[in-house]
Amino acid sequence: MQSISPKNAISIRGLTKTYANGFQALKGIDLDVKENDFFALLGPNGAGKSTIIGIISTLVRASSGAIQVFGQDVATHVYETKLSLGIVPQEINFSQFEKVGDIVITQAGYYGLRGDLAKQRAEKYLRKLDLWEKRDNRSRMLSGGMKRRLMIARALVHEPRLLILDEPTAGVDIELRRSMWEFLQELNRNGTTIILTTHYLEEAESLCRNIAIINQGQIVENTSMRKLLDKLARQTLVFDTCDELESAPTFNDPDILCTTIDSHSFEISLSTSRDINGIYAALSEQGILIRGMRNKTNRLEELFLSSLKN
Amino acid sequence: MPGNSMLTNHKYIAFETILIKEIRRFTRIWLQTLVPPAITIGLYFLIFGNLIGGRIGQMGGFDYVDFIVPGLIMMAVIQNAYANVSSSFFSNKFQRCIEEILVSPVPNYIILLGFVAGGMARGVAVGLIVTAMSFFFTSLHIEHVFLTLLVVLLTSMVFSLAGFINALYANTFDDISIIPTFVLTPLIYLGGVFYSIELLPTFGQWISALNPVLYMVNTFRYGILGTSDVNILWALFMLGVFSAGLFGVALYLLRKGTGLRQ
């Protein structure tokens with residue numbers, strides 16, 4: 001068991017959880033998340049992500065192990081650790097009959113905030129999450145995306161130092177997801193540590209600096225996003241051409257493998273360690289004008305699947 | 001830097017927040033919470049008090065309608081205090097919004113006090129409505145105002161606590177209707193609401209003495225009419241014991257996480 005650093009927002013040591021039905025959800029988790037980090041916790045369904053969040057938020061009791069939040073033990077410093085935490089759960093968990101504004105103001109009351117301060121905080125976060133106009137609506141009238149944003153506003157009303165989001169953008173449309181990303185990035189820039197679980201690997205790649213992959217109750221990868229992506233040996237790039245291709249482009253480098261997709265596109269596979277400037281030069285020499293280029297596969301997805309296999 | 005427990009002022013705000021939320025809930029759905037007991041008890045007043053009561057004559061030295069009014073008020077208080085906490089807390093569990101409080105730093109005893117105070121508020125509110133309705137059928141004057149208020153508060157607290165424990169154990173909405181139907185209703189009907197236990201044979205009086213509702217109804221009747229089948233001090237002592245006992249059990253279950261934490 002490693003020692004716990006006081007500079008961590010979260011330190012987890014030897015965490016295990018066996019449910020009453022005998023299912024062992026966690027098999028000895030060690031995990032550190034640094035202060036001000038934007039951290040991704042990835043894993044397939046049933047891997048143990050929500051159990052970890054449940055234990056941190058005290059909704060689930062650990063079978064063994066220890067968790068510290070900003071250096072304070074969750075089991076012994078309940079008040080301080082809960083004050084530092086904001087939780088956005090995976091499932092909608094507010095009353096469907098309450099008004100949007102009341103839900104956020106009530107949550108403020110649970111943290112000892114009342115009156116004008118509670119109302120100011122509620123207004124601040126409802127405005128930031130584009131829900132202010134809906135403050136007098138019953139929560140059941142909100143769309144799925146609005147309900148998720150309401151849970152974020154509710155989790156922020158006491159201004160926690162650590163925000164944990166369990167799949168916050170599940171079922172949210174692309175435009176809304178992007179605006180939520182921007183909001184979370186702004187929050188992180190202003191000093192809030194963020195831990196995110198998600199199924200959208202693109203989301204983790206875009207937002208997070210560090211990442212842990214959990215599978216069957218164990219951490220199988222725990223590193224920075226950069227280092228993880230560097231592990232990918234090859235990548236496949238798809239090129240769209242301005243004009244119709246007369247023949248497939250050719251390259252004098254055996255590392256570069258080119259395949260035509262259709263009359264206006266082709267794909268190139270090459271090592272991730274090399275630059276791609278030479279490819280453009282070779283294409284220009286062959287008179288091929290490129291209109292656009294994209295990565296064929298989600299890089300993180302490949303690494304994720306490879307981590308799970310290993 | 002916060003200490004290792006919630007500030008007293010913050011605890012009070014959290015308590016007040018839960019209480020206001022509870023009051024907001026039962027007043028929002030007043031057609032389900034405040035009107036039905038008024039109609040039911042009004043019918044009891046009309047049928048048992050005015051129509052049949054006139055033929056029954058006197059009970060315990062009072063007109064029958066005067067005799068049953070305190071019991072009927074108490075019945076409304078008991079049923080509504082219990083129903084408020086059991087349905088509200090279970091509904092919070094069912095919709096998972098109880099997690100809002102559980103992840104916050106609110107201590108368990110504040111959560112318990114908040115919900116119990118909400119149940120007491122509905123019990124008292126319904127009690128006041130039913131009392132106001134009773135003036136259409138009889139002219140009551142209260143003999144011991146302080147005792148009457150004390151009994152209403154203690155009784156609504158006892159049954160709010162019982163409703164809370166029921167909700168902790170409940171897994172389905174059926175589970176919160178079983179106790180009121182099979183336990184609460186018989187206890188109330190056999191607790192001296194409609195008759196004096198002096199009418200029962202000795203064995204029946206002994207059995208009735210085990211029914212906590214008997215003490216509540218009779219102490220309340222003593223507060224209003226000045227007459228009772230039981231010793232008032234003993235009844236108050238029993239109410240205190242029930243309150244403390246149920247509070248201890250509810251707090252223990254809450255700390256243990258029964259029905260709430262996995």
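Q: About how much space lies in the largest pocket?
A: This is a predicted model, in which local features need pLDDT of at least 70 and side-chain atom pairs count only at pLDDT 80 or more, while totals for chains, interfaces and linings use all residues. Residues are numbered from 1 along each chain as its sequence is written, chains are lettered from A and ligands numbered from 1 in the order in which they are written, and side-chain values use heavy atoms, with hydrogens and water left out. A pocket is, on a 1 Å grid over the protein atoms alone, an open set of points with protein on both sides within 12 Å along at least five of seven lines, and a volume is the space filled by probe spheres set on the points, which are joined across faces, edges and corners. For the largest pocket this space is about 860 Å³.

Q: How many of the residues that line the second largest pocket are nonpolar?
A: The second largest pocket has a volume of about 580 Å³, and of its 26 lining residues the closest to the centre are A:Thr58, A:Arg61, A:Val74, A:Ala75 and A:Val78. Ala, Val, Leu, Ile, Met, Phe, Trp, Tyr, Cys and Pro count as nonpolar, Asp, Glu, Lys and Arg as charged, and the others, Gly among them, as polar. On that division the lining has 5 polar residues, 5 charged residues and, for the class asked about, 16 nonpolar.

Q: Which element gives the most to the lining of the largest cavity?
A: A cavity is a set of grid points where a 1.4 Å probe fits but cannot get out, and a search of the whole structure finds 2 of them of 30 Å³ or more. About 60 Å³ of space lies in the largest, whose lining has 11 nonpolar residues and no polar or charged ones, among them A:Ile10, A:Phe39 and A:Ile195. With 3 residues, the element that gives the most is α1(A).

Q: How many charged residues does the lining of the second largest cavity have?
A: This cavity has a volume of about 40 Å³, and it is lined by A:Ser95, A:Glu98, A:Ile103, A:Thr106, B:Lys21 and B:Glu100. By class, 1 of these is nonpolar and 2 are polar, and the number that are charged is 3.

Q: Is B:Lys21 buried or exposed?
A: B:Lys21 is found in helix α1 (residues 8-28) of chain B. Beyond its neighbours within four places in sequence, B:Lys21 is in contact (heavy atoms within 4.5 Å) with A:Glu98, A:Thr106, A:Tyr110, B:Asn92 and B:Glu100. Buried means under 20% relative accessible area, exposed over 50%, and partly exposed in between (1.4 Å probe, protein chains only). Because its relative accessibility is 8%, B:Lys21 counts as buried.

Q: Which residue has a backbone oxygen 2.7 Å from a polar atom of the side chain of B:Ser160?
A: B:Ser160 is found in helix α8 (residues 145-169) of chain B, and B:Ser160 is buried, with a relative accessible area of 0%. Not counting residues up to four places away in sequence, B:Ser160 touches B:Ala81, B:Val85, B:Val116, B:Gly119 and B:Met120. The backbone oxygen at 2.7 Å belongs to B:Ser156.

Conventions
Helix = DSSP H or I, 4+ residues; strand = E, 2+ residues; numbered from the N terminus. Polar contact = N/O pair within 3.5 Å; in protein donor to acceptor, adjacent residues only side chain to side chain. 1 Å grid on protein atoms, 1.4 Å probe; cavity = no way out; pocket = protein on both sides within 12 Å on 5 of 7 lines; lining within 4 Å.
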